[in-house]
Amino acid sequence: MRVNLTVNGRPQQADDVWEGESLLYVLRERLGLPGSKNACEQGECGSCTVRLDGVPVCACLVAAGQAEGREVVTVEGLATAEGLATGGDGAELSAVQQAFTDAGAVQCGFCTPGLIVAADDLIRHNPDPSDADIREALSGNLCRCTGYETILDAVRLAAARAGEAG
């Protein structure tokens, strides 16, 4: 089957998609967007989190056909310049991406894309989140490298910067 969708603001098409193929597979293998990670394939870890029509979802649990005609935003699409979203150079990181870098919240990097998408969604809906809000928003994302404190610091930093830019 053919799947037509909009990814990071650009119309995309994937051909010869089989019925059981996941949105995650289409994004990574067919469209060349490796940011969303394939870790558990069961929706337990959050590494593959993307926004589907503005709602965070685990791309490993979404059949590719369900994305027909819909809008997908990946971690690459959060960058402020189209260059990074399409694999080019010279793009500016989003506020959340930059905060993760500045706070040292990136370790092995496997969980990072999903955490960034979840944190970005939180700040879009709640620009001044409490620690409880942050923990709840990130509760579907697992990290095996950290004690989560630098991740929480990154989200606090991104929210503070968003408030300053306001």
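Me: What is the order of the five strands in the open sheet?

Reply: The order is 2-1-5-3-4, with mixed pairing. Before going on, this is a predicted model, where local features need pLDDT of at least 70 and side-chain atom pairs count only at pLDDT 80 or more, while totals for chains, interfaces and linings use all residues. Residues are numbered from 1 along each chain as its sequence is written, and side-chain values use heavy atoms, with hydrogens and water left out.

Me: What makes strand 2 and strand 4 edge strands?

Reply: Strand 2 (10-14) and strand 4 (55-58) each pair on one side only. A strand here is a DSSP run of E with at least two residues, and a helix is a run of H or I with at least four, numbered from the N terminus.

Me: How do you know that strand 3 pairs with strand 4?

Reply: Two strands pair if DSSP finds at least two bridges between them. Strand 3 (residues 49-52) and strand 4 are joined by four bridges, so they pair, and they run antiparallel. Arg 51 stands opposite Pro 56 in strand 4.

Me: Why is Asn 8 called buried?

Reply: Its relative accessible area is 14%. Buried means under 20%, exposed over 50%, and partly exposed in between, using a 1.4 Å probe and protein chains only. So Asn 8 counts as buried. Asn 8 sits in the loop between strand 1 (3-7) and strand 2, and has a positive phi of about 55° although it is not a glycine. Most residues other than glycine have a negative phi.

Me: Why does Glu 41 count as exposed?

Reply: Glu 41 has 54% relative accessibility, so it falls on the exposed side of the cut-off. You'll find Glu 41 in the loop between helix 1 (23-30) and strand 3, and its phi is also positive, near 55°.

Me: Why is helix 3 called oblique to helix 6?

Reply: Helix 3 (residues 95-102) and helix 6 (residues 149-165) pack at an angle of about 135°, with their axes 8 Å apart. Axes are lines fitted to C-alpha atoms, for helices over the stretch in contact (heavy atoms within 4.5 Å), and angles run from 0 to 180 degrees between N-to-C directions. Under 35 degrees is roughly parallel, over 145 roughly antiparallel, 65 to 115 roughly perpendicular, and the rest oblique. An angle of about 135° belongs to the rest, so helix 3 is oblique to helix 6.
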